Amino acid sequence: MSKFADAIPAGVVAGALRFAFGLPKPLRRLITGPPIVVDGQRLHPEAQLLLRLQQLGGQEWRTDTPAANRAALSRSNLLVAGPPVPGVAVRPVTMDGVRGRLYTPHGLAAGSPLLVFYHGGGWVSGDLDSHDNLCRHLAVEAGVRVLSADYRLAPEHPFPAAVDDALTAYAWAAAHADELGADPSRLALGGDSAGGNLAAVTALHARDEHGPRPVFLLLFYPAVDATARRRSRDLFGDGFFLSDEKMDWFADHYAPQREVRADPRLSVLLAEDLSGLPPTYLATAGFDPLRDEGEAFAEKLARQGVPVVLRRHEGLFHGFANILGVGGVFREAVSEAVGALRTGLALANARQDVPETA
């Protein structure tokens, strides 16, 4: 991000983005240039426009220092997240030392499902604020309580600190569900990118430790294998927000000791047995270096008997779940995930209501 771009107030840049997205299509095409087609997929015009505007405005996700990376992600989210979603009460929560934030839609009765959500950011950046509007949106649109769990970041706290905090947050939520106004038998886990990794790892831990099991898993473009380089990383490693260089930078900060990268608490795809995990909705982006590993994870879940819906949004790039303030295609993708969450929780409730036969 250039110093000039840093000096422009985020509100001004956000307004300029919304103005650009409101231009007639012919003018938008002049800005974006010719269509981008890779691997038989066409980058959606709205996704292409946003990437082009970020490039022109110097709004890049920096990886020179962790502090710069965090500041850049925070500013980026201010530009694209949109105004705060109304209709939800928000309050801070502390979970055995892990900070959190509870989102309760107005008028929601006690005993609702609870989604424990972990933010993305490569285990180095992101926080409760960076994913605030996404959590608001999930809560209001799905009609559930959402508990956003913060966790310690690398490199100050390398692997497995984030995992430990994720497990602590889920265990606390399960033990205190009644206090949160939630049904302890209808807990779900979710997250995006690095947060999707933590959600899947937490679900696996809950199964193995015979603790309260989540009834649904909501994953946006999760990072699930830090040991292998797949084709999508070569295809989309430059020019589509999350780059090959950034992926190496995040991994080197989170797990600098390469021998630990095969640990299933990081590379959950390598876990030998994924059976018994909850029904899962997994969304990938077509123009994402993480696309192929996320889809490999969904395929392994299905082979091992886990009900799973895999949805590839061919024309989008990594990070689309946070882009609720500009363009309709990003919000539509999130709305589809919300529908899956709502349906999955309703089915879980229906299964619980079926009486056991003698």
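Colleague: Which residues in the largest nonpolar core touch the most other members?

Modeller: Bear in mind that this model is predicted. Start with the general idea. In soluble globular proteins, nonpolar side chains tend to be buried together. Here, the largest nonpolar core has 60 residues. Leu 114, Tyr 118, Leu 198, Tyr 254 and Phe 297 touch the most other members. Helix α7, residues 161-175, gives this core its largest share, 9 residues.

Colleague: What is Phe 297 in contact with, leaving aside neighbours within four places in sequence?

Modeller: Phe 297 contacts Ala 200, Leu 219, Val 224, Val 268, Leu 269, Leu 274 and Leu 282. There is also a second, separate core of 53 residues. Val 38, Leu 51, Leu 138 and Ala 283 are among them.

Colleague: Now the sheet. In what order do the strands run?

Modeller: Read across: β3-β4-β6-β5-β7-β8-β9-β10. These 8 strands form an open sheet with mixed pairing. β3 (88-95) and β10 (308-317) are the edges; each has a single partner strand, so one side of each lacks a neighbour in the sheet. From one strand to the next, the twist averages 20 degrees.

Colleague: How do β5 and β7 pair, parallel or antiparallel?

Modeller: Parallel, over 6 bridges. β5 covers residues 112-118 and β7 covers 182-192. Leu 115 stands opposite Ala 188 in β7.

Colleague: Which strands does helix α9 touch?

Modeller: Helix α9, residues 194-208, packs on the sheet and touches β5, β7 and β8. Its direction makes about 140 degrees with that of β7. Helix α6, residues 132-142, lies across β3, β4, β5, β6 and β8. Helix α6 runs at about 40 degrees to β4.

Note on methods
Residues numbered from 1 in each chain as written. Predicted model: local features only at pLDDT ≥ 70, side-chain atom pairs only at ≥ 80, totals over all residues. Heavy atoms only, no water. Pairing = 2+ DSSP bridges. Helix = DSSP H or I, 4+ residues; strand = E, 2+ residues; numbered from the N terminus. Axes fitted to C-alpha atoms, helices over the stretch in contact; angles between N-to-C directions. Contact = heavy atoms within 4.5 Å. Core = buried A, V, L, I, M, F, W, Y, C linked by side-chain atoms within 4.5 Å. Buried < 20%, exposed > 50% of the residue type's maximum accessible area, 1.4 Å probe, protein only.
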